Amino acid sequence: MSFDAPTIVQIILGAIALLSAMTVVLVREIMRMAIGLGVFLLSVAGLFLLYGASFLATSEVFVYVGGVLVLMLFAIMLVQRSDSGRAVLVSRHDIGSASVALGLFVMLTVALQGVSNRFTGSAPESSMQELSEVLMGGRLVQYEIAGLLLLVALVAVIVIAGGDER
Amino acid sequence: MIGVLVSVAVFCIGVYGVLTRRDIVGVLASIEVMLAGSMLALVAMASGADSVTGVRPLGQSIEAVVLLLMVIDAAEAAVGLALLVSVARRRGVTRIDELQEVKG
């Protein structure tokens, strides 16, 4: 493996992603967890950019950092009690969960050995035109169903979270 | 192979978080981590260019699939956070081990 510039960037971004994911999972303060999630999503967007999926990187920043993370911060601020700053993380299932995650990691790594990732460091940029042709051509049905799903989720959120005076 | 390894590791970290965290926001954030890992795996596997033609064989199709995954993930996060707000308002509870009425 040659350590050229894209490989080094890949390793750095991957290390940031791993560390911030561990922050999300392990840290106790909820606000710090949210900050860690933001760093994690930004590093994933950087990896998308490195792999040539620039439109996905942009949508990742818009949808996740600008949408889901802000929504999560609002939810935290709405429900935060004065004593819930430090979440109790001591779980009886700590060792079992760690072994499940570790076993899954080994299993997936072994299963994905055959996958040849031919990333050469210079992934060709994807073009918006081809992506829109795919979305509006062969995957039109999925696209419309996704729009319908968003509408259903919107109505469900209004029903669930709003109007609880009954 | 680095990208695939990172995505597998991120997914497993998310699994650990879903299994161990006790607060609902933490579980939702761990699910976000898991989904980001799976999306990263798809993009990393499709990122290689064909050595002969120089084009990405699966690129556009995978990008469309990941875009639809993002839509599903955003809907899931919205509904989950709405459930969290609703439960916290009516019961004053934000931890999943305090919600045991339907435990079998």
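This is a predicted model: local features need pLDDT of at least 70, side-chain atom pairs count only at pLDDT 80 or more; totals for chains, interfaces and linings use all residues.

Modeller: Accessible areas, as used below, come from the Shrake-Rupley method with a 1.4 Å probe, and for residues only the protein chains shown count as cover. The average pLDDT of chain A is 83, with 82% of its residues scoring at least 70. In chain A, helix α2 (residues 30-50) has the highest confidence, at a mean of 92, while helix α5 (residues 128-136) has the lowest, at 83.

Chain A is built from six helices and zero strands, in the order α-α-α-α-α-α from the N terminus. It has 166 residues, of which 33% count as buried. Its accessible surface is about 9,700 Å², and carbon and sulfur atoms account for 72% of that surface. Among contacts in chain A with a separation of 6 or more, 63% join residues 24 or more positions apart.

Chain B has three helices and zero strands, giving the pattern α-α-α along its sequence. Of its 104 residues, 59% count as buried. It exposes about 3,900 Å², with 69% supplied by carbon and sulfur atoms. For chain B, residues 24 or more positions apart make up 54% of the contacts with a separation of 6 or more.

We now come to the interface. Contact between the chains involves 76 residues of chain A and 70 residues of chain B. Together they bury about 6,700 Å², of which 75% comes from carbon and sulfur atoms. On the chain B side, B:Tyr16, B:Arg21 and B:Gln60 provide 9% of the area buried against chain A, more than any other three residues. The side of chain B that touches chain A draws at least two residues from each of α1 (2-20), α2 (24-45) and α3 (59-91) of chain B. Of these, α3(B) gives the most, with 26 residues.

Beyond its neighbours within four places in sequence, A:Phe105 is in contact with B:Leu5, B:Val8, B:Ala9 and B:Cys12. Its relative accessibility is 27%, and A:Phe105 therefore counts as partly exposed, since that class lies between the limits of 20% and 50%.

B:Arg21, already named for its share of the buried area, also takes part in a pairing within chain B. Side chains of opposite charge can pair when their charged atoms come close. Here the side chains of B:Arg21 and B:Asp23 form a salt bridge, with N to O at 3.1 Å. The structure holds one salt bridge over all chains.

Technical notes:
Residues are numbered from 1 along each chain as its sequence is written. Chains are lettered from A and ligands numbered from 1 in the order in which they are written. Side-chain values use heavy atoms; hydrogens and water are left out. pLDDT is the predictor's confidence in each residue, from 0 to 100. Helices (H or I, at least four residues) and strands (E, at least two) are DSSP runs, numbered from the N terminus. Buried means under 20% relative accessible area, exposed over 50%, partly exposed in between (1.4 Å probe, protein chains only). Contact means heavy atoms within 4.5 Å. Buried area is the accessible area (1.4 Å probe) that two parts lose on being put together, summed over both. A salt bridge is a side-chain nitrogen of Lys or Arg within 4 Å of a carboxyl oxygen of Asp or Glu.
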